[in-house]
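This report looks at one annotated site and one chain-chain interface. The structure is shown first.

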Amino acid sequence: MPLPPLDLSELRVLIVEDNPYMRQILRMMLTGYGVRSVFEAEDGAEALELVASSAPDLVLTDWLMPIVNGAELTRMIRQMPAPACFLPIIAITAHTEKRRILSARDSGITEVMCKPVSARGLYLRIANCILNPRDFVRSPSFFGPDRRRFQAPLHNGTERRGTGIADGYTLDETGELSQSQENAAVATGRAGASDPSRRGAAAVRQVRTSGQGTV
Amino acid sequence: MAREPIDPDGRNEVVKPPRDLRSKVRVLSGREAAQFDPVKSAEAALERLSGDFENWMEDEVRTLASAWADIQSDGLDEDRSQVLFRAAHDIKGQASTLGYPLVGAVAGNLCHLMEHVDTPTLPLTLVAQHVDAIRAMVQEKARQEDNPTARALVDRLADVTDDFITRQSDAK
């Protein structure tokens, strides 16, 4: 599938990650994509300050962090005044179990990506946030991106989503920009010995390519 | 920002975000794309960084070993268990990127064990075997996925872990 070649030089991205090596890896990927404004926070508290002071366009956040974890950070951002509450948030997690992934989704993240992170996988997630933005749903118990990617065949109302997809760039049959087989295994979660994060070489190959995760 | 009720009583609504990032991003022309591939550029940037990966991996292993040493000397409690889990979780997430996929599999298995067994009943011998395996694989630079010894270790630890979790689950 062709990737949309984007000029991301004007994009402002905030990395929230307590591990310094992972922060450096993410920064290198972003600068490789051409992003010029990259901000880094070691924890959720620092991230909230940077959201307010640096006006990022996109947040990449680790999930398992001390004090304020990714879920709490996401909920706090969703409670901030507009436009910050609408920030696209990509959760980057080493968790591979379905319940963890669903929990991340339900906290209001925009996309989720399972580690290990690949340059292609992260680029796809970022491109998806930009080219295929989600509307938001506000209910008494939830505020966050609309999870619905499918169009109901009997729906006769107005279309929710525009068609602002770049030329030469197609959505797959699920409505996602990508849905690799490997990722489907990860997103499905662990089923006994099938957890790709734990088994031998074949499974490790699967893990290595599972960075294109989405739910 | 546009709002659209999605139920009759208006308690739920769809809100269109006020900012559209497509206004800040441009699709590169064919000529520009021929000269600059964002993914290849990022991969090249990572490759330049990869000279440090061995040191980073060793540092992560030291963090894991230190967390384990604290448990050995001071006993297992919830806080120390969390420190060990976090160290293993970091390795699980990064090892493949740093070039040690089988180490990531062992760390993932350790995380799996710690997530499925209550801290007071964690089998410390099995935990120690995971920590030792990670340490040995990094020390021996077992980077290849087809390294037979490392692969056998990964599979054996996964089998023993599954057996332990199953037995404990059956006993409940």
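The text below takes the annotated residue, then the interface between the two chains.

The model is predicted. An unreviewed UniProt entry lists A:D62 under "modified residue: 4-aspartylphosphate". In chain A, strand β4 covers residues 58-62 and contains A:D62. The relative accessible area of A:D62 is 3%, so it is buried, the cut-off being under 20%. Beyond its neighbours within four places in sequence, A:D62 is in contact with A:V16, A:E17, A:D18, A:G70, A:I92 and A:K115.

Turning to the interface, chain A and chain B bury about 5,700 Å² between them. Carbon and sulfur atoms account for 59% of that area. The contact involves 66 residues of chain A and 61 residues of chain B.

Five salt bridges are counted between chain B and chain A. A:D7 forms a salt bridge with B:R26, with 3.4 Å between the closest N and O atoms. Elements of chain B that give two or more residues to the side touching chain A include the strands β1 (3-5), β2 (13-15) and β3 (26-27), and the helices α2 (38-49) and α7 (148-171). The most comes from α5(B), with nine residues.

The side of chain B that touches chain A divides by class as follows.

| Class | Side of chain B that touches chain A |
|---|---|
| Nonpolar | 26 residues |
| Polar | 13 residues |

Key. Residues are numbered from 1 along each chain as its sequence is written. Chains are lettered from A and ligands numbered from 1 in the order in which they are written. This is a predicted model: local features need pLDDT of at least 70, side-chain atom pairs count only at pLDDT 80 or more; totals for chains, interfaces and linings use all residues. Side-chain values use heavy atoms; hydrogens and water are left out. UniProt positions are given in the numbering used here, feature names are shortened, and annotations may be inferred rather than shown by experiment. Helices (H or I, at least four residues) and strands (E, at least two) are DSSP runs, numbered from the N terminus. Buried means under 20% relative accessible area, exposed over 50%, partly exposed in between (1.4 Å probe, protein chains only). Contact means heavy atoms within 4.5 Å. Buried area is the accessible area (1.4 Å probe) that two parts lose on being put together, summed over both. A salt bridge is a side-chain nitrogen of Lys or Arg within 4 Å of a carboxyl oxygen of Asp or Glu. Ala, Val, Leu, Ile, Met, Phe, Trp, Tyr, Cys and Pro count as nonpolar, Asp, Glu, Lys and Arg as charged, and the others, Gly among them, as polar.
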